[in-house]
Structure formats: structure tokens, C-alpha cells
Amino acid sequence: MKRISVQSIVFYKWIAPAMTLLLLVVASVQWSKSGGAWPWYAWALFAAATTVAAAHSMIMGKLADEVVDHGDHLRIRRGSIEEGVPIADIETISTNHAFRPARVTLRLRRPGRLGDRVSFIPRQNWLGMYVESAVVVELRQRIALKKIHDEFVGADGIRGSG
């Protein structure tokens, strides 16, 4: 049993956005003190903060808080919802590098309480965020081997029944 998601998910979901909003407020206060603020500035700040909060909610809101590999299944937790997902129920695994840190999305054959797709931030390699995580590579290989096994032997273990 090993954790394959980052332990610092609280930083990505709550601390970093709060620091960004705090920086926005400090910069705006400094700007208004210097006499450079326009009369409509308060409304523009409110609109910018609302846009940032909505974007953050869409990008980071549905990330799993914890993903633990138990060998034959993954235990996934998001908030108070916890679910076990067998490796055989993972249809595809994809990595999205559009945002940093990269996110991994598992597409499930059967939707559960977490939905038909589960996204999380994987544990990083010692090389950092710019190479694919070793735990993701290993999980991808195990999923591919399980698919080959099920096609050759059959999902029920009887040769040729898959």
C-alpha cells in the first residue's frame, strides 16, 4: 500500500489561491494609496476576484484528496467520500500537462460515487514536475497488463472467454 497522490493537496486547493487573492488585495491597496486607482477600480477588483475563484473551482475543485495504491485496487478519497476502485475497472489513464502541477485522470468503466472520471495530482519524481511521475508510469503499465490478461485469458479466468 502506497500513496500515489501528493500529500500537499491542501496547499494546491486552499493555501495557494488564498495567497494569490491576498497578493491581489495588497497590490490593489498599494496602488490606490499611490493615487493611481480609478473610480471603478473596486468593481474591477471584485470582478477579477470572482473570476479567479470560479476558475480555481473548475480547475482544482474536483481533484481527489488522496489516492492510495493497494495493489489490486486504488482507494480514492475526495472530501468525505471514499471509494475503492479495482485496477480492472480503470479504462484509461491520461495526464494533463496544461496546468502545473500535472493532473492525472482515471476514466472508469463503471461510475461510482466519485463519478466516471477521477482526477488527482500524482506524487512527483525527484526530477520535478517536468517529467511524468514514476507512479503514473507504473500504474499505466499495470492497467495495460490487466487489459492484455483479460483479453487473452478472460476476465473470469477461463482461457479464451474474454
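Trainee: In β2, what is the bridge partner of Lys2?
Mentor: The bridge partner of Lys2 in β2 is Asp69, and please keep in mind throughout that this is a predicted model.

Trainee: And how do β1 and β2 pair, parallel or antiparallel?
Mentor: Strand β1, which covers residues 2–3, pairs with β2 in the antiparallel sense, and two bridges hold that pairing in the assignment.

Trainee: How many bridges join β2 to β3?
Mentor: There are four bridges between β2 and strand β3, the latter spanning residues 73–78, and these two strands run antiparallel; within this pairing, Glu66 stands opposite Arg77 of β3.

Trainee: What sits between β2 and β3?
Mentor: Three residues lie between them in a hairpin, and Gly71, in the turn, has a positive phi of about 90 degrees.

Trainee: Back to β2 itself: are the residues on its faces buried or exposed?
Mentor: Strand β2, residues 66–69, is covered on both faces, with Glu66 and Val68 buried on one side and Val67 and Asp69 buried on the other. As background, side chains in a regular strand alternate between the two faces of the sheet.

Trainee: Changing topic, what is the strand order in the open sheet of three strands?
Mentor: The order is β5-β6-β7, and the pairing in this open sheet is antiparallel. Strands β5 and β7 (115–120) are at the edges with a single partner strand each, so one side of each has no neighbour in the sheet. From one strand to the next, the twist averages 20 degrees.

Trainee: How many bridges join β5 to β6 there?
Mentor: Six bridges join strand β5, residues 90–96, to strand β6, residues 103–112, and the two run antiparallel.

Trainee: Which helix lies across β5 and β6?
Mentor: That is helix α3, made of residues 134–152, which runs at about 155 degrees to β5 as it lies across the two strands.

Trainee: Now the surface: which residues make the nonpolar patch?
Mentor: The patch is made by Val10, Phe11, Trp14, Ile15 and Met19, and its area is about 540 Å².

Trainee: Where is the place of Phe11?
Mentor: Phe11 belongs to helix α1, which spans residues 9–33.

Trainee: Why does Phe11 count as partly exposed?
Mentor: Phe11 counts as partly exposed because its relative accessibility is 37%, and the partly exposed class lies between the buried limit of under 20% and the exposed limit of over 50%.

Notes:
Residues numbered from 1 in each chain as written. Predicted model: local features only at pLDDT ≥ 70, side-chain atom pairs only at ≥ 80, totals over all residues. Heavy atoms only, no water. Patch = residues over 30% accessible without salt bridge, like charges linked within 9 Å, V, L, I, M, F, W, Y side chains within 5 Å. Areas by Shrake-Rupley, 256 points an atom, 1.4 Å probe, with all protein chains shown as cover. Salt bridge = Lys/Arg side-chain N within 4 Å of Asp/Glu carboxyl O. Buried < 20%, exposed > 50% of the residue type's maximum accessible area, 1.4 Å probe, protein only. Pairing = 2+ DSSP bridges. Axes fitted to C-alpha atoms, helices over the stretch in contact; angles between N-to-C directions. Contact = heavy atoms within 4.5 Å.
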